[in-house]
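Trainee: I am new to this structure and would be grateful for a close look at a single part of it.

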Amino acid sequence: MVVPSQRVLLISFLLLLVSTTLVHAKGNKPKAQGGGGGSVNGDDAASGDNVDETDDPATQGGKKQLDHGPVTYDARSVIINGKHQLLFSGSIHYPRSPVEMWPDILRKARRGGLNVIQTYVFWNIHEPEKGQWNFEGNYDLVKFIRMIQDNGMYATLRVGPFIQAEWNHGGLPYWLREVPDVIFRSDNAPYKKHMEEYVTKIMKLMKDNKLFSPQGGPIILAQIENEYNAIQLAYRELGDSYVQWAANLAVGQNIGVPWVMCKQVDAPDPVINTCNGRHCGDTFVGPNKPNKPALWTENWTAQYRVFGDPPSQRPAEDIAFSVARFFSKGGSLTNYYMYHGGTNFGRTSAVFTTTRYYDEAPLDEYAFQREPKWSHLKDLHKSINLCKKTLLTGIPGTQRLGPDTEVRFYEKPGTECAAFIANNHTTLEATVNWRGQNYLLPPFSISVLPDCKTVVFNTQQIVSQHNARNFVTSAKQMNWEMYLEPVATVEQVPVNNRELQELYGLLKDKTDYAWYTTSIELGPYDLPMKDTISPVVRIPSLGHAMLVFVNDEYAGSQHGTHAEKGFVFEAPVKMKKGTNHISLLCMTVGLPALTICILAMKDSGAYMEHRYAGPRSVTILGLNTGTIDVSANGWGHRAGLNGEKLQVFTEQGAQKVQWTKATGIGRALTWYKTTFDAPPGGDPCAIRMTGMGKGMIWVNGISIGRHWMSFLSPLGQPTQTEYHIPRAFIKPKNLLVVLEEEPSDPKDIEIVTVNRDTICSLIGQDYPGHVKYWDRKAGILQHAPGKSLQATALLNCPDYKKISKIEFASYGNPDGSCGALTMGTCNAPESKKVVEDLCLGKMICTVPLDPKLFFKAGDPCPVINQYSCLFTQNIAKLRNTQTPAESLGFKTLPCIENTISQLPKLARDHRIEQAPQLDQLQEQSFGSMHVSKQILDANFDTMHAIDT
């Protein structure tokens, strides 16, 4: 929770910032209120937070059943059973979480204000071999869709078959690559044959289980293809005809719900073209026909990461702004991609993509609510739903209020009105007057007015709580044993091809690893005569990574990057007279899946069947007889490791090899195993891979994914340090096996539990009251009786815990983020005691922003208090004008006069250096907030300014 500097400097209000820690509450588990029930990971229903009841119970967790029936659309929205809808959707992918986590994740999605869940269908997990289908466990698509309905939400099914999703091979099964004459995603007969069989199979499965809305099921939309416009030109006329064919295939399924194509401006009728991106309210060109609605299929909540990336963030304020903008301009569906990212277990991630997926989503990898993102978006959904009827039936209008300000409104004359007032300036706040009332707008923000009068929500002003994630060590310094993976030579892997084989075709997506072996005879006169000279092996590779052994000795490793898969390995090696064995362990790190064209087609989704990886040539330099090219020397090839074949990561397989005690740094390509007890409690678990390099991790025989600690980001840190071990994978006693490719020592590996028990609240004096206390009854906006119209700091503990300690409290101008807070230049000394008195020992507490509570010994922040009325956009409007302030609708002149009279004293009291005249003071830390020269000239002959 970073406190933006402009929030203090430009808006100039007092802040209340509180940070707490939690303990488990003693006694019986309180009965959950609302529709969510108890939660494993902190659903606020478990804390007694009431469900918001609105006109749309499906959106806010009401008890009513969803509307079912025919699904159609018009220019305004999707229409379900004859009713226009506003849809708030979130992407949650069933294979990225164990089935045991689905209920908690979906419950939190519904309580977050969603009424739709969007998921891809993953062809390569359902049909890994041609004709062999798998819909079991967390691949149980039908169960997942039914669970969505059980939680009161609709579903969007993105069939693909190419889905991208940073998923291995974009969801396409590897066997499709080996179909003769196939060209993916083109008007190509072999590809279309298999695509049609797959799409028909999935649609029939949904129909047979009555999962489409006209059958009483939750599915209201389906998607064919995925962001195809990005590569369409690569196929020329075959791309154009493929789009037409794919649309006809989809519509011909007769499923009774509309089809969409995302980022497909030429989507054929009746398929709807939709937007993907961060700011579709500003970037979307709109539907390609006037009878189609504006739908946003991917609103990116952060950015997925690849190994080598630094952290990526997208603030809740920016997401809220973009959604409010989209709905204010006529949008009717937004989908958060992702709402819960989850984990790329096993080998399911795309090329170089991390095991953790979209951890910065509203629900993090462990399904904790990431605050304030989860709650701020929930509040946004509530505020827009308060406008629902007017948005869907009112007449739209737009009015410019200033260079950077505007209002978009929907109105039914004489009855209902809803408005969105926007300040598009990224650094300056603004005060605008609309229909006789003043509204203060923070920079880059939108205020929502469900009745065109009352601000119930502002995208920049977060009234919900914040939290920080903690990792708590459960087990460390475990007893490790090791098994050395045998280095293959031509004796174990005989020559079976004259030249080096292509890596994808060798692996067939069954493993990440393949051995390439050869040998070369050297005579005494071939080797260098000087000890200072060594032969050098040079191996250009198309990717992705490689270990090199010469005569069973590790010579080094090299890898590519997400941006450039290829690399050149070069290293000095020890060679001897006679037979020399060269062994290459070549690796993939996921198969390509991207659709975005970056500089060249090599990293796009075009012609994926023609992507290649692996070594291109092998040469030996520095020999007396010159450089030797051994690329066509005759090579042995074998996919997979001995440990994989024996499944040494299982209880049974581990007994098939000899393990020895692990001491110190082990050899490259070593298996390590240990056991650990289940961490106590119910918090999620993870493994922290400190000290390790690159490889894979198994817990009780289940792969939790690839680890890569040695690939550092530009910040000098691993992209991912902790790797999720779902509780569903854990037993009382657990087998942990790590395949480590690099020389490493496992002694610092830790098992940790995860919580978000650090909660914080940051509230400003001019923030609107909480939108949860507003409702619309009989078309009239009403506020809950007894609830404050002013913002209050609300702390709400997860998992039936109680507040045990107030770590930080400041009523002033603090800074920092939740879990790392610092005092500002002023603070009420009573802050911490006030909060302790109100909150300690409670699961829920409310702290009002009442100066009387905090100013027991006088106002400690006179500068902020006295100048809050001066440095505002209101006063900026007075510059170079003779117009009285009152005639502009402002009532700030007494405040100005009071401030003017006190400026010299305040400046002396705070030992502030003399500054230029105020009419010359520009672009200070308050921004371009200028004051009328005419008003101030007489009072500022010796003016002192505040350097904030």
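Which residue in β31 is the bridge partner of glutamate 481?

Mentor: The bridge partner of glutamate 481 in β31 is lysine 661. The model is predicted, so local features need pLDDT of at least 70 and side-chain atom pairs count only at pLDDT 80 or more, whereas totals for chains, interfaces and linings use all residues. Residues are numbered from 1 along each chain as its sequence is written, and side-chain values use heavy atoms, without hydrogens and water.

Strand β21 covers residues 481-484 and pairs with β31 over two bridges in the antiparallel sense. Strands (E, at least two residues) are DSSP runs numbered from the N terminus, as are helices (H or I, at least four), and two strands pair if DSSP finds at least two bridges between them. This pairing belongs to an open sheet of six strands with the order β31-β21-β32-β37-β34-β35 and antiparallel pairing. Its edge strands, each pairing on one side only, are β31 (660-661) and β35 (702-708).

Lysine 673 lies over the face of tryptophan 659, 5.3 Å from the ring centre. The criterion is NZ of Lys or CZ of Arg within 6 Å of the ring centre and within 35 degrees of the ring normal. Another such case is arginine 96, whose charged end sits over the ring of tyrosine 357 at 3.7 Å from its centre. Tyr357 also belongs to a cluster linked by ring pairs, with Tyr94, Trp102 and Tyr120 among the members; rings of Phe, Tyr and Trp (its six-membered ring) pair if their centres lie within 6.5 Å.

Definitions and conventions:
Rings of Phe, Tyr and Trp (its six-membered ring) pair if their centres lie within 6.5 Å; planes under 30 degrees apart count as stacked, over 60 as edge-to-face and the rest as tilted.
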